[in-house]
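Work through the exercises below with the sequence and the structure at hand. Each task is followed by a solution in steps.

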Amino acid sequence: MSVEQVAVLGVGMHPWGKWGRNFVEYGVAAARDALADAGVDWRDIQFVAGADTMRNGYPGYVAGATFAQALGWTGIPVTSTYGACASGAMAIEAARQRILSGLCEVALVVGADTTPKGFLKPNSGERQTDPDWLRFRLLGATNPTYFALYARRRMALYGATQEDFAQVKVKNARHGLGNPYARFRKEVTPDDVAASPMVANPLRLLDICATSDGGAAVVLCSMDYARRHLEGSNSDRLVRVAAVSTATPTFPNTIIEMPNFSTDSAAGLPIPERSFKQAIGAAAYEQAGIGPEDVDVAEVYDLSTALELDWYEDLGFCAPGEAEAMLRSGATTLGGRLPVNPSGGLACFGEAVPAQAIAQVCELTWQLRGTAEGRQANDPRVGITANQGLFGHGSAVLLTR
Amino acid sequence: MGKPKVPAIDGWFRLPEDDADNSIVLVGTRCADSGTYYFPPERVMSRAPGFADSVLEEVELSTRGVLWSFTDAQYQPPEPYMTVTDPYAPFCIAAVHLEVEQIVVLGQVIAGVGVDDLEVGMEMELVADTLFTDDEVEHMIWKWQPIGTSGSAAASEEAAS
């Protein structure tokens, strides 16, 4: 199978940080940069999709309209999407579907967030039927709890070490040094990681991503629109969306998922051939008719250092148990065969939930265009993003040029 | 006299009548047609695709299993986590695989057990313990502990034999 492509005409980001301003500002800044990059006037945009934030009151729940209003109402149709960390990919998918169905030719996708300090926590009130509330009340299980369970499992299954995890941070910190959009731009040594406080054993503070403010936007359009729009100019660096995966788990999902108390039981139906995270990438590859062996660069969700290693295997970059060796070989470092998180990843950004999946697409667009200054991979043609939203929202975007 | 003990959540487990007994049984449901177990108990319909019309029967889950993974909470979790001690004392969290049910169940680990005492693959058992105490009652919860932990049901059995 290979579905029709849409073009990434423009991308833009507001630098990540802890700016403490209204999230709408970041989204508007990113949107204006993306429109300028595309050379498209806001008045010519035919559809707008906003990725929601849950931490900024009502405007965050209706992000599409919030950004449309902030940019100046033009009467165009709108959608707002929520899928936790996958919200941005869902907004991209909404725009892509609109374009592929012929309902519009050019669309704007925006996500932005302002985050409070500390652990992400659930909505307040007595919420006895909300598993996200109950896990804090009954277990004291934060997000790093789950990241740490996966990390410890890697250590038990594959002999991974805390030093291996630290090397992911060292790599990503180096990648992000020259990225003007990254929040943390500082070399980190294995000793720095080892000296940082333990949060959820075996993960230390520098193994776990922070929460950040930030905004990202993309302008998507039909291939016809791109050809007309770029007529006369050099378009051989035009980046296309070859696939968007928004996969869900298949029952029984035997890996413990945030915010659950248990896995599905495998006592009845057989365990599916692919785990949830494997299915996320597989759906994208299948849609595009492209395999993991074709991938030149990737942006994956390193909520923790150890999780980045899980993605190497789940996206098919190496066999299960071989991620540590792949990391140590330098293959996933800039200059290697398949640089992972050339942007610096969440290690350098911190997570701005609804913006993050869009930011991944921005980074790969710059990489495929060859304009990622200070962090450019070696002439990549195919890139994949991957992340996973709470409760089972998969997200991957496959980009080619 | 101690405060009355009440479950921290209704319908997920059974506490013994005798206050001195720290045994606990998790209550789940089982899809009669597919054999799939659910914890917390699924009461609406079986989520095994194709078995929506199957009867869900209430079952007691195994009280022992094998440690799948574990971690600890070095910082006090945010609300609605309830403060237990002041100053805060870190605790472990275990993910335990139950053989019969083919399911992994999370739980806090009893106080006094640190990550250095745990190893993936070791046998664990359930005990009833206090989650937090308010002015009126002790809110009770299930916790995991390594089999043979002092004071555990298994250790007392061994000591008695």
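Predicted model: local features only at pLDDT ≥ 70, side-chain atom pairs only at ≥ 80, totals over all residues.

**Exercise 1: a loop residue**

Step 1: place Thr74(A) in the chain; the residue sits in the loop that links helix 3 (63–71) to strand 3 (78–81) of chain A.
Step 2: list the contacts. Leaving out residues up to four places away in sequence, Thr74(A) touches Trp42(A) and Arg43(A).
Step 3: take the distance to Arg183(A), which is 109 residues from Thr74(A) along the chain; their C-alpha atoms are 34 Å apart.

**Exercise 2: strand 1 of chain A**

Task: Find which strands pair with strand 1 of chain A, and state how many of the strand's residues are buried.

Step 1: strand 7 (residues 213–222) of chain A runs antiparallel to strand 1 and is joined to it by nine bridges. Here Met13(A) is opposite Ala216(A).
Step 2: strand 8 (residues 239–245) of chain A is also antiparallel to strand 1, with three bridges. Ala7(A) is opposite Arg240(A) in strand 8.

**Exercise 3: the contact between chains**

Task: Describe the contact of chains A and B by residue numbers and by class on chain B.

Solution. Step 1: chain A gives 34 residues and chain B gives 39.
Step 1: the chain B side has 27 nonpolar, eight polar and four charged residues.

Terms used: Residues numbered from 1 in each chain as written. Chains lettered and ligands numbered in written order. Helix = DSSP H or I, 4+ residues; strand = E, 2+ residues; numbered from the N terminus. Contact = placed C-beta atoms within 7 Å. Nonpolar A, V, L, I, M, F, W, Y, C, P; charged D, E, K, R; others polar. Buried ≥ 20, exposed ≤ 12 C-beta atoms within 10 Å, placed from the backbone. Pairing = 2+ DSSP bridges.
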